[in-house]
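I opened the model to look up a few local features.

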Amino acid sequence: MIVIIRPDVSKEKIEHLIKWLGDKKLIVKEFHGREQCVLGLIGNTKLIDKDMLTSLDIVESVSDMTETFKASNRKLHPDDSILHLASGDGPTIGGGSFALIAGPCSVESREQIISVARDVKDAGANFLRGGAFKPRTSPYDFQGMGSEGLDLLLEARTETGLPIVTELMYLQDMDEFVEKKIDVIQIGARNTQNYDLLKELGKSTRAPILLKRGLAGTIKELLMSAEYIMANGNENVILCERGIRTYEQDYARNTLDLSAVPILKNLTHLPVIVDPSHATGRADLVPSMTLAAIAAGADGIIVEVHNDPKNALCDGAQSLTPKAFAELSVRIDKLRDALK
């Protein structure tokens, strides 16, 4: 249920109404827009007399919300969310800012991650990505450096000042991610519907969660996964379109669903970014899909960059060289300026 408060109502009256609604065992989401206050009621709203609520002199209107996703719904939060890092420093995500996240698929050595971190920062990236724990289709492929890889990412953060984005795969590693103050925790496509993990992310941290769409996940399923995190206390969620599995298998790894960007921007206040690297599996397609994502309204991109793609231990075919990323970064700036 959505309650629109009349303009110029005192804070005391709004707080009194929120307390009364809370006493009815409802979760009340309060949003203050440019002109009005909006209250989103989550729970058993059948306990509330809608006509009585509408009759209150401080209430402008009351409407039902039929969508199953609540906390992420734009109806409850008309303005775009702007996410901040837990440290309070560094770049923001959403609300007009652009997240340019770049780095290797996997951390392979100190020299590699430091070198790539310096290169992508010089080219304009404001976040460093890198996998320490890697989910691989084959058990014989490189699985990442684990905790040592996390420590190398932290060293790269100290060296360059770039906040880091890295993937959490297992509940048992949650404490380590929290203790090491990982700036943005990524949840990969294979874990998008790991609901126990999503619940714990809501309870254990307020760090932004970069939530990727599942391999064959619908837009609604992605939003419901975000809801698991938000309903448990962490409202700092970034949605990521990373391509879905379709009939096409010969010329691209997945099919990048760019229509998901404006659809999500219409449905939710959460930031929406795009991963053209995993979506296509081809470095030569990354620039065009990046620019298309920006034109579609994405709040950022996450791109794989490696200093030696031919010899990468993971996903070299989809990784840009630092030079190619620098060239793409210039094109990104030009397109964003043209769209203003």
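**Positive phi**

I began with Lys-25, which is exposed, with a relative accessible area of 73%. My cut-offs: buried means under 20% relative accessible area, exposed over 50%, partly exposed in between (1.4 Å probe, protein chains only). The model is predicted, so I kept to its rules: local features need pLDDT of at least 70, side-chain atom pairs count only at pLDDT 80 or more, and totals for chains, interfaces and linings use all residues. Residues are numbered from 1 along each chain as its sequence is written, and side-chain values use heavy atoms, with hydrogens and water left out.

Lys-25 is not a glycine, yet its phi is positive, about 65 degrees. I placed Lys-25 in the loop between H1 and strand S2 (27–32). Helices (H or I, at least four residues) and strands (E, at least two) are DSSP runs, numbered from the N terminus.

Asp-8 also went on the list: a positive phi of about 65 degrees, and not a glycine. I found Asp-8 in the loop between strand S1 (2–5) and helix H1 (11–23). Asp-8 is exposed, at 80% relative accessible area. I noted these because most residues other than glycine have a negative phi.

**Aromatic pairs**

How many aromatic pairs does the rule give? I count two. The rule pairs rings of Phe, Tyr and Trp (its six-membered ring) if their centres lie within 6.5 Å; planes under 30 degrees apart count as stacked, over 60 as edge-to-face and the rest as tilted.

Phe-133 and Phe-177 have ring centres 6.1 Å apart and planes at 35 degrees, so I logged the pair as tilted. Phe-133 sits in the loop between strand S6 (127–129) and helix H4 (147–160), and Phe-177 in helix H5 (residues 174–179), so the pair ties together parts 44 residues apart in sequence. Both Phe-133 and Phe-177 are buried.

Tyr-195 and Tyr-228 have ring centres 4.2 Å apart and planes at 20 degrees, so this pair is stacked. Tyr-195 belongs to helix H6 (residues 195–204) and Tyr-228 to helix H7 (residues 219–231), so the pair ties together parts 33 residues apart in sequence. Tyr-195 is partly exposed at 30% relative accessible area. Tyr-228 counts as partly exposed, at 30% relative accessibility.

**H6 against H7**

The axes of H6 and H7 come within 6 Å and cross at roughly 40 degrees. That makes H6 oblique to H7. For the record, axes are lines fitted to C-alpha atoms, for helices over the stretch in contact, and angles run from 0 to 180 degrees between N-to-C directions. Under 35 degrees counts as roughly parallel, over 145 as roughly antiparallel, 65 to 115 as roughly perpendicular and the rest as oblique.

Which residues make the contact? From H6 I listed Tyr-195, Leu-198, Lys-199, Leu-201 and Gly-202; from H7, Ser-225, Tyr-228 and Ile-229. Contact means heavy atoms within 4.5 Å. These residues divide into five nonpolar, two polar and one charged. (Ala, Val, Leu, Ile, Met, Phe, Trp, Tyr, Cys and Pro count as nonpolar, Asp, Glu, Lys and Arg as charged, and the others, Gly among them, as polar.)

**Salt bridges**

I searched the whole structure and got 21 salt bridges. The test is a side-chain nitrogen of Lys or Arg within 4 Å of a carboxyl oxygen of Asp or Glu.

Lys-75 bridges to Glu-67, with the closest N and O atoms 2.9 Å apart. Lys-75 is partly exposed, at 40% relative accessible area.

Glu-155 and Arg-110 meet at 2.5 Å, N to O. This pair links distant parts of the chain: Glu-155 in helix H4 and Arg-110 in helix H3 (residues 110–122), 45 residues apart. Glu-155 is partly exposed at 28%, and Arg-110 is partly exposed at 39%.

Arg-157 bridges to Asp-183, closest N and O atoms 2.9 Å apart. Arg-157 is in helix H4 and Asp-183 in the loop between H5 and strand S8 (184–187), 26 residues apart. Arg-157 counts as partly exposed at 22% relative accessibility, whereas Asp-183 counts as buried at 11%.

**A buried threonine**

Thr-290 is buried, with a relative accessible area of 0%. Not counting residues up to four places away in sequence, Thr-290 touches Pro-276, Ile-301, Val-303, Leu-328 and Ile-332.
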